[in-house]
Amino acid sequence: MKHEETHEPIRRTGVTPDPSGPVPGAGGEVVELDKARAARGESGDSGPIPSADQSGDSAPPQSADSGAEESVDSRRALVDRPDPSGPGLLERMQGARRLPVLPSWLRSAPAFAEAARWVIGHVFHTVAFHAVRSPLYGARLALRAPRGVVNALAATGRWAADLEGEPLRQAAARRENAEEYLKLSRQRDRRVRLRAVLTLLGALGCLILALYLALGASQNVQLTAVALAVWGFGILGAPADKPLSSRAVIKTEVQKLTGDIVVKAMASIGIGQIATAVAKGLDGIKFVAPITREGPGWRADIDLPLGVTVADVVDRRSRLASGLRRPLGCVWPDADPNEHEGRLVLWVGDRDLSKTGIVPWPLTKGGQHDIFRAIPFGQDPRGRSKAVPMIQHNVLVGSLPGQGKTSAVRVLACGAALDPTVELWIHENKGTGDLDSLECLSHRFVSGIDDESIRYAADSLKLLRAEVMRRAAAIKKLPRDLCPDKRVTRQIADKRSLKLWPLLGIFDECQNLFAHPKYGKQAGEDAEFIIKLGRALGVILILATQRPDKDSLPTGISGNVSIRFCLKVAGQVENDMILGTSAYKNGIRATIFRPEIDAGNGYLAGAGPTPTVVRVAYLDDPAATRIGERARKLREALGTLSGHALGEEAEAAKGPSYDLLSDILAVVPESEERVWNERVAARLAELRPEVYRGWKGENVTTALKPHGVATRDVAGTTDDGTRTTRRGIVRDHIHTALTERNENTGAA
């Protein structure tokens with residue numbers, strides 16, 4: 001029995017114990033871990049590492065579940081094969097990002113011109129700076145020249161007497177090394193004899209030159225010699241701590257961004273995966289490219305740990321700035337639109353964005369613009385120009401008061417004004433005259449916060465709504481070869497007979513319009529209608545507000561605008577009202593901007609692949625006035641001035657107004673409980689052909705949506721007597737919507 005128990009481990013393990021080896025339970029055997037790991041890797045065993053003191057007696061017995069465990073291990077081994085898988089070499093090369101062969105300033109004519117202007121300006125500034133101070137430099141040289149003469153004579157005497165070797169000779173004398181001292185003394189004697197002869201010859205030559213200059217040279221030569229002497233001796237007499245000239249340009253010394261600095265900073269922002277890895281001696285992040293200079297700063301491309309997104313880093317931007325020991329306006333973490341959500345592009349500027357000065361607008365000094373090209377708008381933190389496309393877009397600008405909202409609107413308005421084919425409708429409902437510089441060329445214009453000014457702006461939206469409907473009918477009639485995409489193009493806009501030129505409506509401080517108790521609701525419905533349908537028809541809206549909430553900015557408007565510019569706002573709700581739902585959650589937060597300090601900085605969304613921080617160009621009122629005068633001359637030359645710019649009364653503005661609900665009730669008698677949309681459209685076109693001409697059944701459906709009236713399937717009889725079902729309306733629904741609207745208006 002004892003024999004069987006003793007050899008039972010042998011049968012389990014299949015290993016015969018070595019009689020000369022250690023006895024089980026008497027201290028175990030010594031295992032070389034490296035060899036054991038290598039053997040385990042070669043065998044492909046995915047089980048746990050055996051302990052060093054494991055013996056036959058300590059081996060676990062086989063159980064009924066061991067087969068299942070082996071099956072699971074086998075399946076895991078089949079999943080993670082040792083051979084490489086995935087895209088091949090060609091696919092990986094095709095997906096790689098190629099770095100530009102030439103720098104950006106050599107690949108773009110505007111960038112090259114800008115770089116050339118900077119170099120020329122730098123050289124001119126340096127030359128002018130020192131030229132203005134040249135008399136001061138001359139006086140300093142003259143004052144320092146006597147000291148330079150003394151310094152020159154003293155240096156000559158020291159050289160002639162070989163005083164530079166005196167310390168060596170004194171050292172040899174102190175050591176009582178007679179042989180070395182005599183050797184150095186003989187060397188000194190030879191040097192002194194030679195140098196004395198050279199000094200006398202040099203002094204004689206200087207004396208002859210001085211006599212020639214004093215007695216035989218012309219006055220110009222004498223003045224030149226004196227100037228050279230003063231210049232030379234002045235330089236020799238300059239104190240070491242007082243340079244002759246001042247610096248024309250003081251360079252900002254900025255610490256170079258290195259990988260160690262970035263790793264330490266990323267570990268300090270409170271992301272657990274990174275901090276834990278750094279604590280274990282790892283980096284926690286992966287640099288996918290070397291840290292390089294990009295613009296006026298440094299760029300680091302980083303892969304974040306699994307599960308960490310760029311939004312997590314943006315949320316801790318202030319901590320990251322503290323970890324990098326840089327001002328908050330220098331640190332801009334951003335996502336790479338061409339990579340995964342964990343790819344971080346960390347850009348650290350040399351200067352705070354708020355201290356980079358005013359961004360010049362390239363169209364300030366001259367030229368005109370084409371509205372079908374993007375309007376220059378500002379610069380991002382890396383110094384790259386940013387532009388805003390206008391055609392087929394609408395723009396929403398929002399911020400707290402005093403953060404640069406009106407300046408942003410002014411830049412876009414001036415860019416559109418420099419296209420003489422654009423018809424401007426400007427409504428500044430703050431009453432401060434911020435856009436008065438463009439009144440001289442506007443088709444419709446108002447500046448004020450009173451009820452009359454609000455009514456004027458509301459009427460403009462009604463007129464724009466009717467204009468959208470007119471354009472839709474006109475576009476539909478155009479031949480397909482002229483308008484294949486059913487949208488306004490440059491070619492179509494230039495045909496004045498079609499009356500499809502670009503039309504830009506600007507509503508600054510639009511919260512005063514949409515929140516008005518009498519005109520606000522209808523104005524909001526009209527604006528929503530224009531935004532949804534007008535973009536392809538050349539009708540563009542720019543809306544600016546300092547109070548982005550559901551009452552001052554209807555959700556139907558904020559949810560359909562394609563381009564958004566958000567400067568400093570108070571919180572998450574305002575941020576998402578301007579930049580779109582979940583923008584704050586995704587790390588696009590205009591709350592990061594500092595009041596007053598970051599005025600003019602904002603997030604621009606919709607103008608590029610990803611939202612970008614932009615410092616908007618600055619146009620003061622005098623500059624905008626000059627642009628307005630230039631834009632008016634362009635329109636006068638082309639003959640496109642109209643409306644207010646020509647002194648016409650507001651009532652003469654084109655575009656009839658209408659009340660859709662009342663018109664439908666007028667054409668649908670009470671005896672018709674239900675009627676098809678196509679019949680409603682035909683009757684409306686007969687009632688008001690200038691408004692409803694070209695309407696189809698789908699136009700009725702779209703036009704009723706802002707009023708809360710939904711269409712439904714309606715049974716009816718066709719002209720040939722066939723019974724069928726088509727989309728239509730219920731007259732009672734129209735009557736109810738009209739009654740509710742009138743009651744709400746009366747209650748307000």
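Trainee: Which residues are linked with Asp-162 in a network of salt bridges?

Mentor: In this predicted model, a salt bridge requires a side-chain nitrogen of Lys or Arg within 4 Å of a carboxyl oxygen of Asp or Glu. Side chains of opposite charge can pair when their charged atoms come close. The network that contains Asp-162 is made up of acidic and arginine residues, and its other members are Glu-164, Glu-166, Arg-169, Arg-191 and Arg-195.

Trainee: Are Arg-299 and Asp-301 buried or exposed?

Mentor: These two residues form a salt bridge, with 2.9 Å between the closest N and O atoms. A residue counts as buried under 20% relative accessible area and as exposed over 50%. By that criterion, Arg-299 and Asp-301 are both buried.

Trainee: In the salt bridge of Arg-384 and Asp-380, which residue is buried?

Mentor: The two side chains meet at 2.7 Å, N to O. Arg-384 has a relative accessible area of 38%, so this residue is partly exposed.

Trainee: What separates Glu-452 and Arg-455 in helix α16?

Mentor: Glu-452 and Arg-455 form a salt bridge, and their closest N and O atoms are 2.5 Å apart. Glu-452 is partly exposed at 48% relative accessibility, and Arg-455 is also partly exposed, at 25%. Both belong to helix α16 (residues 451–477), and because they are three residues apart, their separation is about one helical turn.

Trainee: Where does Glu-439, a member of a patch of negative charge, lie?

Mentor: Glu-439 gathers with Asp-436, Asp-620 and Asp-621 in this patch on the surface. Its relative accessible area is 30%, so Glu-439 is classed as partly exposed. As for its place in the chain, Glu-439 is in the loop between β9 (423–428) and β10 (444–447).

Trainee: Which backbone oxygen does the side chain of His-369 reach?

Mentor: His-369 is found in the loop that runs between β5 (343–349) and β6 (375–379). With a relative accessible area of 6%, this histidine is buried. A polar contact requires a pair of N or O atoms within 3.5 Å. The His-369 side chain makes its approach at 3.3 Å, and the backbone oxygen it reaches is that of Ala-374.

Conventions
Residues numbered from 1 in each chain as written. Predicted model: local features only at pLDDT ≥ 70, side-chain atom pairs only at ≥ 80, totals over all residues. Heavy atoms only, no water. Patch = residues over 30% accessible without salt bridge, like charges linked within 9 Å, V, L, I, M, F, W, Y side chains within 5 Å. Areas by Shrake-Rupley, 256 points an atom, 1.4 Å probe, with all protein chains shown as cover. Lys, Arg positive; Asp, Glu negative; His and termini not counted. Charge placed at Lys NZ, Arg CZ, Asp CG, Glu CD. Helix = DSSP H or I, 4+ residues; strand = E, 2+ residues; numbered from the N terminus. Buried < 20%, exposed > 50% of the residue type's maximum accessible area, 1.4 Å probe, protein only. Polar contact = N/O pair within 3.5 Å; in protein donor to acceptor, adjacent residues only side chain to side chain.
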